[in-house]
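Thanks for coming, everyone. Let me put the structure up, and then we'll walk through it.

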Amino acid sequence: MRRVLSVLALAASTALAAHPALAQTAPAAPEAPAAPPAAPQTFESPIQNGKGEPIGKIVIRDGASALVMRVMIQPGGLPPGWHGIHFHAVGDCSDTAKFEKSKAHVNHDQSKHGLLNAEGPDEGDLPNVFANADGSVNAEVSSETPLTGEGALKDGDGSALIIHANEDDHTTQPIGGAGARIACAVIK
Ligand SMILES: [Cu+2]
Ligand SMILES: [Zn+2]
């Protein structure tokens, strides 16, 4: 985007040069210094289970093209095995028994659910994470859904990371058979 803008500025100054009268009254704007590459924005939020107890945290780093998110859960945090995780549309984890206030997946363009669905994925879809035999998780996943800006996780009502009881098959509607919502982190 930055490159496109500077090309436009160049085109504009060339047009002005072709009209000397205009060029005199509208001096060329001083060239903007090149902006240094932006450091990734970071965001951290606790994960709570269905009793409202803290079981770990998410740490998001948001770059220019994608974000990466670490999911870190302490021993005893989750049932062992694979779990579907998704970005849900509302940053509200207050109804801990069901986490339904977080609503459906982030999905601004009516995409079908599923990373392996030909008509998907929706913007909330993420790879599964695996909980060890002791219930702990250390995983890192990526998403093209931005943390801030247009279509971002941190929109007016925020978003939530939801962890489901079962794994996501990445194909079936609406959530890949991932089952109940058992943990939640607010992204706001
Ligand atoms: Cu979900
Ligand atoms: Zn989905």
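**Contacts, core and one loop glycine**

Start with contacts: two residues are in contact if their C-beta atoms, placed from the backbone, lie within 7 Å. In the protein chain, 57% of the contacts with a separation of 6 or more are between residues 24 or more positions apart.

A word on the source. This is a predicted model: local features need pLDDT of at least 70, side-chain atom pairs count only at pLDDT 80 or more, and totals for chains, interfaces and linings use all residues. Residues are numbered from 1 along each chain as its sequence is written, with chains lettered from A and ligands numbered from 1 in the order in which they are written.

Now the layout. The protein chain has 2 helices and 9 strands. These are DSSP runs, numbered from the N terminus: helices are H or I, at least four residues, and strands are E, at least two. The order from the N terminus is α-α-β-β-β-β-β-β-β-β-β.

Next, burial. Of the 188 residues, 31% are buried. Buried takes 20 or more other C-beta atoms within 10 Å of a residue's own; exposed is 12 or fewer, partly exposed in between.

Which residues touch the most other members of the largest nonpolar core? L161 and A185, out of 29 residues. Such a core is a set of buried Ala, Val, Leu, Ile, Met, Phe, Trp, Tyr and Cys residues joined through C-beta atoms within 7 Å. β9 gives the most, 5 residues.

Last, G176, in the loop between β8 and β9. G176 counts as buried because it has 25 C-beta neighbours inside 10 Å.
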